[in-house]
Amino acid sequence: MTPSTGPGGPCGAPHDTDCSEVLERVFFFIDNELPTADFAQIQAHLDECGPCLQKYDLERTVKTLVQRSCAERAPQGLRDKVLLRIRQVQVEITETRLD
Ligand SMILES: [Zn+2]
């Protein structure tokens, strides 16, 4: 009876870092808020652990979507200016044709 493998994970492969530990810190990993040593540790785990990588991808995708939907509110004024400019150009073209 010799424990031949480490902590292991959902994928069944042995890992230096426990999966639950990685998933707890994956939010900080996405935000780049981890010390370099921890960052490298999580990165190494994601490289070799499919289930954790999937979870990380999902969290990152959700975070990106949220950030994008927030960012779209900002350039509303710019959008109006562009639309106004397009209408002005259309009027100019119309007037040129009438001449
Ligand atoms: Zn894992």
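Predicted model: local features only at pLDDT ≥ 70, side-chain atom pairs only at ≥ 80, totals over all residues.
Trainee: How many helices and strands does the secondary structure come to?

Mentor: Helices (H or I, at least four residues) and strands (E, at least two) are DSSP runs, numbered from the N terminus. Here you get 4 helices and 0 strands, running α-α-α-α from the N terminus on.

Trainee: And what span does helix 1 reach from its first C-alpha to its last?

Mentor: The expected span of a helix is 1.5 Å times one less than its number of residues. Helix 1 has 12 residues and reaches 16 Å, close to the 16 Å expected.

Trainee: Which residues of helix 1 are buried?

Mentor: Count C-beta atoms, placed from the backbone: a residue is buried if 20 or more others lie within 10 Å of its own, exposed if 12 or fewer, and partly exposed in between. In helix 1 the buried ones are Val 22, Val 26 and Phe 29. They sit on the same side of helix 1 because they cover an arc of only 75° around the axis, taking the arc from the directions that run from the helix axis to the C-beta atoms. Ser 20 and Glu 24, on the other side, are exposed.

Trainee: Why does Val 22 count as buried?

Mentor: Val 22 has 24 C-beta neighbours inside 10 Å, so it counts as buried.

Trainee: Which residues make up the largest nonpolar core?

Mentor: In soluble globular proteins, nonpolar side chains tend to be buried together. A nonpolar core is a set of buried Ala, Val, Leu, Ile, Met, Phe, Trp, Tyr and Cys residues joined through C-beta atoms within 7 Å. The largest one here has 7 residues: Val 22, Val 26, Phe 29, Ile 42, Cys 49, Cys 52 and Tyr 56. Helix 1 (19–30) and helix 3 (50–71) each give two or more residues, and the largest share, 3 residues, comes from helix 1.

Trainee: What is Ile 42 in contact with, leaving aside neighbours within four places in sequence?

Mentor: Contact means C-beta atoms, placed from the backbone, within 7 Å. By that test Ile 42 touches Val 22, Arg 25, Val 26, Phe 29 and Leu 34.

Definitions and conventions:
Residues numbered from 1 in each chain as written. Contact = placed C-beta atoms within 7 Å.
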